[in-house]
Amino acid sequence: MTSSKLTGNQAAVRIIMRMLSNQTLPHTLLFHGQNGVGKSILAKEVAEGLMGSSHIEKIRKQIHPDLILFHPEGKSGVYSIEQMRSLLQMASMPPFEAALKVFIIHEADKLSTICSNALLKTLEETSSDTYFILLTDQIEKLLGTVTSRCYKVRFFPIPSDLITFFLQEHTTLTKEESRNIADRSQGSLAKAKWLQELKSENLEQFLTKLFSLILPQDYSQFIQLMVGIDALLEDTNAEIILEEILEWYRDLHAFNHQAPGFYHSNHMQLLAKKAKEPLPSLEQILEAFIQAQTALQRNIKLSVVIENMLLQFACLATS
């Protein structure tokens, strides 16, 4: 690994590159920071650096038998005991093709206490041919005994100007469009790419209509709007749609407190109008948002999740 494709977080890249060059890379790494800032990209680049150039093609295609990627599975949204047993079994086996094997554990904060404790012993006794890279955007949810066994590398939000430059270099967006998306991405390049790829009139129309409704008075219109929403936005990351809604409610609070900078700056007239209506507190909004995220992780339909969340907001606002 002599260079990186990472946009931003060059301090993290330099740390890793220096360790790889000096052959001092710890066998247990923990990359932590918000979603979409390059943790997964750098983790795979670490695997490339460890295994060597002859393995890069398979690593990039994610078909290398010695690069093992783990994600939470099932409706619970957490790692299962079966997954952990599989991981531990693979960790005890020798590499297949390379001189070593690399395990990348996405969303490590979704490890239950039982799974974390099962993994802990392996982290403490990692063999010389095995590396673990844990990724998380919520490091505080990991067991302290796990984090203490890892070399921690922090990832920071990507500056808006770097995201703007990336979008101008890799898309046909104008500078103004690139800057607007960069501002809305809140430091996440992954979210900026999603917003750029989306640029969907369908979603914009949906959000405009949704934000214009008053619940529960407009419930019949709301139901009509939600009909077919799953098909309409089937290629859209459902969690990011929830974030778009969350940012709308944050904007309403910001408008009421005359705070600068709005996420949905293209809806200022509507914001001014809707800010006059009763609002739940930000704490209540965030709590409902977390509940909605959990529902999505349990494979509940997006339309149902949005309906439940917004009706909850309506009840809180009038209580």
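User: What does contact mean here, and which residues does phenylalanine 31 contact, leaving aside its neighbours within four places in sequence?
Analyst: Contact means heavy atoms within 4.5 Å. This is a predicted model, in which local features need pLDDT of at least 70, side-chain atom pairs count only at pLDDT 80 or more, and totals for chains, interfaces and linings use all residues. Residues are numbered from 1 along each chain as its sequence is written, and side-chain values use heavy atoms, without hydrogens or water. With neighbours within four places set aside, phenylalanine 31 is in contact with Ile16, Lys39, Leu42, Ala43, Val46, Ile133, Leu134, Leu135, Thr136, Val153 and Phe155.

User: Which residues have the most contacts inside the largest nonpolar core?
Analyst: A nonpolar core is a set of buried Ala, Val, Leu, Ile, Met, Phe, Trp, Tyr and Cys residues joined through side-chain atoms within 4.5 Å; buried means under 20% relative accessible area (1.4 Å probe, protein chains only). The largest such core has 74 residues, and those with the most contacts inside it are Phe31 and Val102.

User: How many residues of strand β3 are buried?
Analyst: Strands are DSSP runs (E, at least two residues) and helices likewise (H or I, at least four), numbered from the N terminus. On one side of β3, Lys101, Phe103 and Ile105 are buried, as are Val102 and Ile104 on the other. For strand β3, residues 101-105, the count is five of five.

User: Which residue in β4 stands opposite valine 102?
Analyst: Two strands pair if DSSP finds at least two bridges between them. β3 and strand β4 (residues 130-136) pair in the parallel sense over five bridges. Opposite valine 102 stands tyrosine 131.

Conventions. Buried < 20%, exposed > 50% of the residue type's maximum accessible area, 1.4 Å probe, protein only.
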